[in-house]
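Okay, everyone, thanks for coming. Let me put the chain up on the screen and walk you through it.

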Amino acid sequence: MNTSTVALLCVFAVVAFAAPPARQSKDEPIAILAYNFDGPYPDGSYSYSYSTGNGIQAQEQGQLAKITNDEDALRVQGSFSYVDADGNPIALSYVADENGFQPKGDHLPTPPPVPADILKALEYIAAHPEEDNL
């Protein structure tokens, strides 16, 4: 074998081992590394957690709560995390109850702050309600 052929084979070997691993096929199953589920219990409570081979982790707890004499609601709290397609970690925690779904996460958009002049005007309006002149 000549020197150029050996050099070319060495370059191919280095490229093959230095290349990042291929992405997982969409049809390839993902391993479940851990899974726990407790409940549902007679009082309506439950909990679960799991983690997968591709880095997803999730956990949740729920319980039935008496809102009024005639109304019950499921109160849930939990969280999950994963790595997005760009390699950024995503983490979300949440509460879901009679007040709706309330997520929290650094990646979620937030409203801009209310300008100081608007806050001042709202405070003035609250301190000086209109009187009906009837």
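So, we have 2 helices and 6 strands in this chain, where helices (H or I, at least four residues) and strands (E, at least two) are DSSP runs numbered from the N terminus. Reading from the N terminus, the order is α-β-β-β-β-β-β-α.

Some housekeeping. This is a predicted model, with local features needing a pLDDT of at least 70 and side-chain atom pairs counting only at pLDDT 80 or more, while totals for chains, interfaces and linings use all residues. Residues are numbered from 1 along each chain as its sequence is written, and side-chain values use heavy atoms, with hydrogens and water left out.

How confident is the predictor? pLDDT is its confidence in each residue, from 0 to 100, and the chain averages 81, with 78% of the residues scoring at least 70. Strand 2, residues 46–52, has the highest confidence, a mean of 96, while helix 1, residues 3–18, has the lowest, at 39. Over residues 1–22 the pLDDT stays under 50, and the model gives that stretch 2 contacts beyond four places in sequence; a contact means heavy atoms within 4.5 Å. Where pLDDT is low, the predicted coordinates should not be read in detail.

Now the whole chain. Of its 134 residues, 10% count as buried. The cut-offs are under 20% relative accessible area for buried, over 50% for exposed, and partly exposed in between (1.4 Å probe, protein chains only). The chain exposes about 11,300 Å², and carbon and sulfur atoms supply 59% of that; the areas are Shrake-Rupley with a 1.4 Å probe, and for residues only the protein chains shown count as cover. Among contacts with a separation of 6 or more, 11% are between residues 24 or more positions apart.

Let's go back to strand 2 and pick out Ser51, which lies there. Is Ser51 buried or exposed? Ser51 counts as buried, because its relative accessibility is 15%. Setting aside neighbours within four places in sequence, Ser51 is in contact with Ile32, Leu33, Ala34, Ile56 and Gln57.

On to charges. Side chains of opposite charge can pair when their charged atoms come close. With a salt bridge taken as a side-chain nitrogen of Lys or Arg within 4 Å of a carboxyl oxygen of Asp or Glu, the count comes to 2. One joins Arg75 and Glu98, with their closest N and O atoms 2.9 Å apart. Arg75 is in strand 4 (residues 71–83) and Glu98 in the loop between strand 5 (89–97) and strand 6 (100–104), so this pair ties together parts 23 residues apart in sequence. Arg75 is partly exposed at 32% relative accessibility, and Glu98 is partly exposed too, at 38%. The side chains of Asp72 and Lys66 also meet in a salt bridge, at 3.4 Å, N to O. Here Asp72 is partly exposed at 42%, whereas Lys66 is exposed at 57%.

Last stop, helix 2. Its 12 residues should span 16 Å at 1.5 Å a residue, and its end C-alpha atoms are 17 Å apart, so the two agree; the expected span is 1.5 Å times one less than the number of residues. Helix 2 is hardly covered, with a buried count of 0 among its 12 residues. Ile118 lies in this helix, residues 116–127, and counts as partly exposed because its relative accessibility is 44%. Ile118 also belongs to a nonpolar surface patch of about 590 Å², made with Val114, Leu119, Leu122, Tyr124 and Ile125. Patches take residues with over 30% relative accessible area and no salt bridge, joining like charges within 9 Å and nonpolar side chains (Val, Leu, Ile, Met, Phe, Trp, Tyr) within 5 Å.

Conventions
pLDDT is the predictor's confidence in each residue, from 0 to 100.
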